[in-house]
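User: Hello! Could you walk me through this complex, one topic at a time?

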Amino acid sequence: MIMAESNLVIVGVNHKTTPVELREKLAFTRGSIEETTEKLGSYPEIDENLIISTCNRVEIYARVNDVEKGIDRLKKFICDYHMIPFNLLDKHFYAFREEETVKHLFRVSASLDSMVVGESQILGQVKDAYSLAKSLQTTGLILNQLFEKAFNVAKKIREETGIAESAVSISSAAVELARKIFEDLESHTVMLVGTGEMAELAAKHLISYGVKTVYVASRTYERATALAKTLNGSALDFEHFKSELHRADIVISSTAAPNFIITKEIVEKAIHERNNRPMFLIDIAVPRDIEPEVNDLENVYLYDIDDLQGVVNANLQEREKEAELAMDIIQAEVGKFNNWIEALDAVPTIVELRKRAEAVRMQEIEKTIKKMPHLSEEDKHNLHLMTSSIINKILHKPTINLKKKTQTTEGRTYLKAIRHLFHLDD
Amino acid sequence: MVSRLTGGFAPVFMKIITFNIAMISYLLASLEYFIYLVYRKPGVSKLATGTVLVGLLSHTVIIGLRSQETGHGPYTTSFEVAIFLSWLVVVVYCFTHWRYKVKDLGSFVIPVAFLILLYATFLSKEIVDFPESEFRVLLTLHRTLSVIGFAAFAIAFGLGVMYLIQEKQVKSKKLGIMYFRMPSLESLDNLIYKAVAVGFPLFTLGFLTGAIWNIKMSQTSLFSWELVKLWPLVIGWVLYGLVFFGRYRMGWRGKKVAQGSVIGFVTVIISIILHV
């Protein structure tokens, strides 16, 4: 494949190349991006530019006249803007050119380059950066297409791989387990035993997934009432929670009790009263609140904090594997983008169009000359001059217009139309 | 009973072709479902469903041809019962797939349909006339109802296997790749119950009509065949009965139900092999 020259570059630093002390100095705020991009746009070597600045990365994407000069300009610009000596920062920079820029952006927006692979925040941040740049009109045809494409690729990867499927925090792992045990969370009930912060977080997470009924039990009734209020649930008397346990599908325990407060016997009774409908018990207290043997009961699933951490670790490994699958998708999409860039180029079409016209001209000239053997060499020469000039005059405006149009979003349509009308693809 | 052999080149050729298409389709679909289950290659799931439909189409042609040839429904010889059961398993699977959208159920049900069809290839393809009797409607009912019931049990079996895989992972806290793929325990449990709730009454009716047929025909005992052949069927019936009635009365839920539907199906298959 011929390498399309997109003249796309990216210069940046991220959590892998640069320590946080330095990264925080390089960050651009929304306000500073407005003035910066304008300044960047005023450099003659930079045609389009866009800045992404998050806590894990600062990157400038640009379309430039000259790739190497453009990269130098961007690096110097970042150093000058933040007043950091170039030699201090240079070793932290990474820079990509052409196709590699495309691949890098696809990886970033699909969250393959994130600290927690597959996290969903980065896509939103890239989208924000793009809409800001678009409103500031610092991007043009190429960067616009590149970013729109990147969002599609990110969506595709999210749908076709398990990159974002698994939970990577304790509370989301708990929710994920609940969703693998129960059919829908809407009709299920959560009981909090103890009002620990982590329990509250997990409960909120469950509520956001549809849990409607929440009970809170705590040794101090006031705290139970307060938490119940924030969770839109009802408080239970601590003395009575054991006899109410059968009402809970999910139990989150986080008390400061020194020994087990929920024993196998208690759960056995509850599960019996529930007619064996499954129960999911989450013990995030240290020392533990729930007797581990509870897990031996049928239809009862007990996870303590270490179990949940184990799930999180396993999920992180799973994501790394899915990332490989995602890279295949990215590779294919980079190829497609490359084709798009290639097709944007008006020059090959113009050359072919002229060749076609020239071929017709030569054919007709030869016919005419055969019919008119009396023509002198000078006459023949003039005939050539005249026909060439007709062709040039006819093709001049279309050529100019085509070149102009390929700088816009309609460019491809025009190129296609020309190729079709003049049979250039035969 | 009079038996005759099939004739004519074109029908024979047609039968061989359609039989092979159906069998190969189910084998291929099983592999495709498995690939989708393990690797989640996009598009493979749709491909598998398409392959199943191709198989089902030729399978329907097989049954049509056979019935045209014999002049009665596909439930007289063990060969006919096997192809009929396999066909119904696929039909009920397609319905479940369309109605409940349980991803990956195909990986556990379509291989069953394939194996039953494969088993059919070893059976005699001889044509046997349907017994002439004033009670023939009883026999027709007995066989049709039982086979539909068995097909529902095949679905419960597939769901039961999925349940046991998922349950093992959640219980042991070793969450492998299947954990992410399989649906929730509760939804599998509910679906198993639904499948058994369809299968059990049909199975029971089939059982009863068969018994009555036997009494009418032999005028002697309830069961004309030896007890050895009967016990797997009785075990199956009791197991499914427990799943069906035990849910609300005895708290038969979750793992027990899944185990019941898996073991129940095994006993049913054994009794079909012994009985038909």
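Analyst: A nonpolar core here is a set of buried Ala, Val, Leu, Ile, Met, Phe, Trp, Tyr and Cys residues joined through C-beta atoms within 7 Å. A residue is buried if 20 or more other C-beta atoms lie within 10 Å of its own, exposed if 12 or fewer, and partly exposed in between, with C-beta atoms placed from the backbone. This is a predicted model, in which local features need pLDDT of at least 70 and side-chain atom pairs count only at pLDDT 80 or more, while totals for chains, interfaces and linings use all residues. Residues are numbered from 1 along each chain as its sequence is written, and chains are lettered from A and ligands numbered from 1 in the order in which they are written.

User: Which residues have the most contacts inside the largest nonpolar core?

Analyst: That core has 124 residues. Helix H5 (residues 136-172) of chain B gives the most to this core, with 16 residues; helices (H or I, at least four residues) and strands (E, at least two) are DSSP runs, numbered from the N terminus. The residues with the most contacts inside the core are A:Leu192 and B:Val89.

User: What does B:Val89 touch, not counting residues up to four places away in sequence?

Analyst: Two residues are in contact if their C-beta atoms, placed from the backbone, lie within 7 Å. With residues up to four places away set aside, B:Val89 touches B:Val109, B:Val112, B:Ala113, B:Ile116, B:Ala151 and B:Ala154.

User: Is B:Ile155 buried or exposed?

Analyst: B:Ile155 is found in helix H5 of chain B. Leaving aside neighbours within four places in sequence, its contacts are B:Val92, B:Tyr93, B:Thr96, B:Val109 and B:Ala195. Because 30 other C-beta atoms lie within 10 Å, B:Ile155 is buried.

User: How far apart in space are B:Ile155 and B:Ser261?

Analyst: In sequence, B:Ile155 and B:Ser261 are 106 residues apart. In space, C-alpha to C-alpha, their separation is 9.2 Å.

User: Which residue just after H2(B) takes a positive phi?

Analyst: Within H2(B), the buried residues include B:Ala48, B:Leu56 and B:Ile63. Just after H2(B), a positive phi of about 80° is taken by B:Gly71.

User: Which helix gives the most to the side of domain 1 of chain B that touches domain 2 of chain B?

Analyst: The domain assignment of chain B, with bounds from an automatic or database domain assignment, gives domain 1 (1-130) and domain 2 (133-276). In the contact between them, 22 residues of domain 1 of chain B meet 22 residues of domain 2 of chain B. Helix H1 (9-39), helix H3 (78-100) and helix H4 (106-121) of chain B each supply at least two residues of the domain 1 side. With ten residues, the one that gives the most is H3(B).

User: Which element of chain B has the lowest mean pLDDT?

Analyst: pLDDT is the predictor's confidence in each residue, from 0 to 100. The mean pLDDT of chain B is 86, and 92% of its residues reach 70 or more. Among the elements of chain B, H4(B) has the highest mean pLDDT (93). The lowest (42) belongs to strand E1 (residues 3-4) of chain B.
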